[in-house]
Amino acid sequence: RSTSGAEHESARARVAGAERGWRRGGKCGAAGIRCVAYNNQSNRLAVSRTDGTVEIYNLSANYFQEKFFPGHESRATEALCWAAGQRLFSAGLNGEIIEYDLQALNVKYAMDAFGGPIWSMTASPSGSQLLVGCEDGSVKLFQITPDKIQFERNFDRQKSRILSLSWHPSGTHIAAGSIDYISVFDVKSGSTIHKMIVDRQYMGVSKRKCIVWGVAFLSDGTVISVDSAGKVQFWDSATGTLVKSHLIANADVQSIAVADQEDSFVVGTAEGTIFHFQLLPVTSNSNEKQWVRTKPFQHHTHDVRTVAHSPTALISGGTDTHLVIRPLMEKVEVKNYDAALRKITFPHRRLISCSKKRQLLLFQFTHHLELWRLGSTVATGKNGDTLPLSKNADHLLHLKTKGPENIICSSISPCGNWIAYSTASRFFLCRLNYEHDNISLKRVSKMPAFLRSALQILFSEDSTKLFVASNQGSLHIVQLLEGSFKHLHAFQPLSGTVEAMCLLAVSPDGSWLAASGTSAGVRVYNVKQLKLHCTVPAYNFPVTALAIAPDTNNLVIAHSDQQVFEYSIPDKQYTEWSRTVQKQGFHHLWLQRDTPITHISFHPKRPMHILLHDAYMFCIIDKSLPLPSDKTLLYNPLPPMNESDVVRRRTAHAFKISKIYKPLLFLDLLDERTLVAVERPLDDIIAQLPPPIKKKKFGT
């Protein structure tokens with residue numbers, strides 16, 4: 001009998017207290033979005049959040065979040081851009097320009113621009129220069145060298161902060177948005193050619209300043225501006241005159257992005273609305289074209305702080321934490337899941353770990369960890385019942401980190417006696433002692449420096465070993481002793497590579513360790529002999545989850561395109577079941593799911609079952625049953641009631657899917673009969689945000 005029904009509900013009741021604590025705790029790994037930057041060459045999207053985290057999404061790999069850089073309290077990112085092909089830069093209110101190392105997944109360097117807080121940044125059309133706009137009114141030009149950036153010169157200083165910047169596609173001129181005016185600069189001389197005063201008449205109060213939040217410089221010399229008066233305006237940069245003005249909102253228009261072809265652009269407002277403008281013929285026979293506001297979209301509840309325009313989609317993000325990707329249907333050639341609206345809220349990695357022996361959950365927040373003991377129930381019920389708790393969940397520990405750095409990863413040992421976590425500069429290992437209802441914590445001192453910036457931490461099933469994946473590509477094995485540790489071995493990356501390892505899986509018997517990097521490869525190590533055992537054949541899409549089954553030591557791997565493979569570690573080849581799956585193929589509805597599988601586990605007494613989940617469903621794959629064909633119902637086929645139930649037996653297939661819990665941040669088996677699930681309802685996130693701008697409705 002598959003784990004379902006009453007067992008699901010029992011687990012839901014048991015975790016309820018911890019789940020409430022998770023809700024109260026504030027940030028659940030989803031902070032507001034401040035900037036997005038689209039890279040047309042690699043089809044990747046960089047996203048910066050209000051907690052300083054920077055994420056990179058691979059849009060070609062089913063919009064998977066393949067990389068992230070942990071945040072820092074002093075880094076309030078105000079601008080993000082790609083330059084020189086694949087190089088990523090950010091700038092913010094601490095006055096620094098930062099370049100990121102996309103291989104080691106850390107900050108490569110930070111350079112002070114010496115202009116106070118930086119409000120805007122943009123790369124030249126050639127990608128060889130970087131321009132920043134500062135609090136003191138200066139516009140600074142930097143040359144991008146192979147290893148760093150180098151200050152070149154200042155442009156004419158303006159009277160107020162530079163809030164937005166845009167290059168002319170030829171690279172000869174620059175538009176800069178400030179408070180009450182827009183400046184046009186000549187790049188060669190650095191001097192101001194025009195100063196275009198922005199109209200404030202829609203503001204109601206004439207003394208109030210008008211902030212130019214965004215500018216876009218088009219090939220024909222047109223400058224498009226968006227401002228705090230709710231306007232989108234078109235300017236002629238050659239004469240410095242206003243050509244056309246659109247009042248589109250009663251609040252700030254905060255962001256703008258233009259398509260590469262310059263035939264459409266998108267703007268985002270403080271009311272949560274996105275407006276799409278297109279360049280269309282004035283009449284059906286005319287060659288003359290004009291900008292027309294074609295579609296408004298309301299996918300956000302709060303401010304849309306940033307927008308981007310890919311060749312096939314409008315991308316937006318803001319205070320409500322959602323990253324929204326809305327396809328342009330006329331640009332999408334194949335009407336598959338690329339044509340569906342995407343709303344990404346949660347990280348594509350786990351922020352919760354579990355001690356099955358002690359029934360504990362460890363929750364990871366930006367700057368602290370929380371440890372909860374699950375509640376329990378003695379009540380019984382039928383399928384679908386929610387059971388009352390006879391013992392409430394206990395909040396055992398609130399562990400705050402010192403310093404400004406965000407926590408990268410954390411883990412609690414299966415026995416519940418160890419907690420390990422990492423920041424960019426330090427690695428922490430703590431020993432827990434339980435005495436009746438009291439809990440004490442002792443930190444293990446003198447942790448080696450090479451463990452810092454760990455991207456993944458995993459304990460062995462017997463809690464005697466700790467596996468640490470560093471951002472330099474090495475994998476460390478640490479033996480845990482009573483209150484201390486011993487470094488046993490380090491598996492070094494292959495020569496010439498510094499690929500960070502993001503996912504780890506250890507076999508229940510402790511013999512095998514599987515590791516996956518930011519590319520599609522998976523390596524398997526023999527822990528007892530301390531050597532590389534094999535490399536799983538490369539696949540085109542990144543790995544989102546992996547786990548090793550008990551007894552068989554089969555490695556199950558999930559990829560971002562929703563394919564699932566089973567690889568025999570002892571035999572160094574794909575299993576018969578996996579070959580059958582690849583031959584027949586998964587159900588089309590399974591492949592069209594838009595959130596990645598984030599965890600895989602196994603039932604200790606049912607070797608034919610694979611348990612996995614994404615943010616919106618929990619699934620048991622029963623390998624003893626046939627795979628569903630595209631003509632059969634994928635979701636919830638009814639199991640046969642008895643041997644003579646021919647119809648149900650004919651439609652029964654390998655996939656049992658439950659959508660009871662969502663959004664699902666964590667799900668795992670505690671024991672043979674109990675499943676623990678942690679949800680994070682979106683309403684709770686919205687409730688913690690400041691109230692959105694109230695819109696006046698007709699008749700009220």
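In the predicted model described here, Asp 668 has a relative accessibility of 8% and therefore counts as buried, where buried stands for under 20% relative accessible area, exposed for over 50%, and partly exposed for values in between, computed with a 1.4 Å probe on protein chains only. The side chain of Asp 668 meets that of Lys 356 in a salt bridge with an N to O distance of 3.9 Å, a salt bridge being a side-chain nitrogen of Lys or Arg within 4 Å of a carboxyl oxygen of Asp or Glu. The two partners lie 312 residues apart and so link distant parts of the chain, with Lys 356 in the loop between strand E29 (352-355) and strand E30 (360-364) and Asp 668 in strand E53 (residues 664-671); helices (H or I, at least four residues) and strands (E, at least two) are DSSP runs numbered from the N terminus. Lys 356, at 33% relative accessibility, is partly exposed.

Residues are numbered from 1 along each chain as its sequence is written, and side-chain values rest on heavy atoms, with hydrogens and water left out. As the model is predicted, local features require a pLDDT of at least 70 and side-chain atom pairs count only at pLDDT 80 or more, whereas totals for chains, interfaces and linings use all residues. The pLDDT, the predictor's confidence in each residue on a scale from 0 to 100, averages 87 over the chain, and 89% of the residues score at least 70. Over residues 1-28 the pLDDT is below 50, although this stretch has 91 contacts in the model beyond near neighbours in sequence, contact meaning heavy atoms within 4.5 Å.

Under the salt-bridge criterion, the count comes to 13. Side chains of opposite charge can pair when their charged atoms come close. In one of these bridges, the side chains of Glu 135 and Arg 161 meet at 3.0 Å, N to O. This pair, 26 residues apart, links distant parts of the chain, since Glu 135 is placed in the loop between strand E10 (129-134) and strand E11 (139-144) and Arg 161 in the loop between strand E12 (149-154) and strand E13 (164-167). Glu 135 is partly exposed at a relative accessible area of 28%, and Arg 161 is likewise partly exposed at 29%. A further salt bridge joins Asp 227 to Lys 231, with the closest N and O atoms 3.1 Å apart; here Asp 227 is buried at 0% relative accessible area, and Lys 231 is buried at 0% as well.

Strands E17, E18, E19 and E20 form, in that order, an open sheet with antiparallel pairing, two strands being taken as paired if DSSP finds at least two bridges between them. Strand E17 (212-217) and E20 stand at the edges with a single partner strand each, so that one side of each is left without a neighbour in the sheet. The twist from one strand to the next averages 20°, with axes taken as lines fitted to C-alpha atoms (for helices over the stretch in contact) and angles running from 0 to 180 degrees between N-to-C directions. Strand E18 (residues 222-227) pairs with E19 over 5 bridges, and Ser 225 has Gln 233 in E19 as its bridge partner. Strand E19 (residues 231-236) and strand E20 (residues 241-247) pair in the antiparallel sense over 6 bridges, with Phe 234 opposite Lys 244 in E20. The hairpin formed by E19 and E20 has 4 residues between the strands, and Gly 240 in the turn has a positive phi of about 75°.

The largest nonpolar core comprises 23 residues, and Trp 590, Ile 600, Leu 612 and Phe 655 are those with the most contacts inside it; such a core is a set of buried Ala, Val, Leu, Ile, Met, Phe, Trp, Tyr and Cys residues joined through side-chain atoms within 4.5 Å. Among the elements that give two or more residues to this core are helix H2 (576-584), strand E49 (599-603) and strand E50 (606-613). Leu 612 touches, among others, Val 564, Trp 590, Ile 600 and Ile 621, residues up to four places away in sequence not being counted. Apart from this core lies another, of 18 residues, including Tyr 109 and Leu 130.

An open antiparallel sheet of 4 strands has the order E49-E50-E51-E52. E49 and E50 pair over 5 bridges, and His 603 stands opposite Arg 606 in E50.
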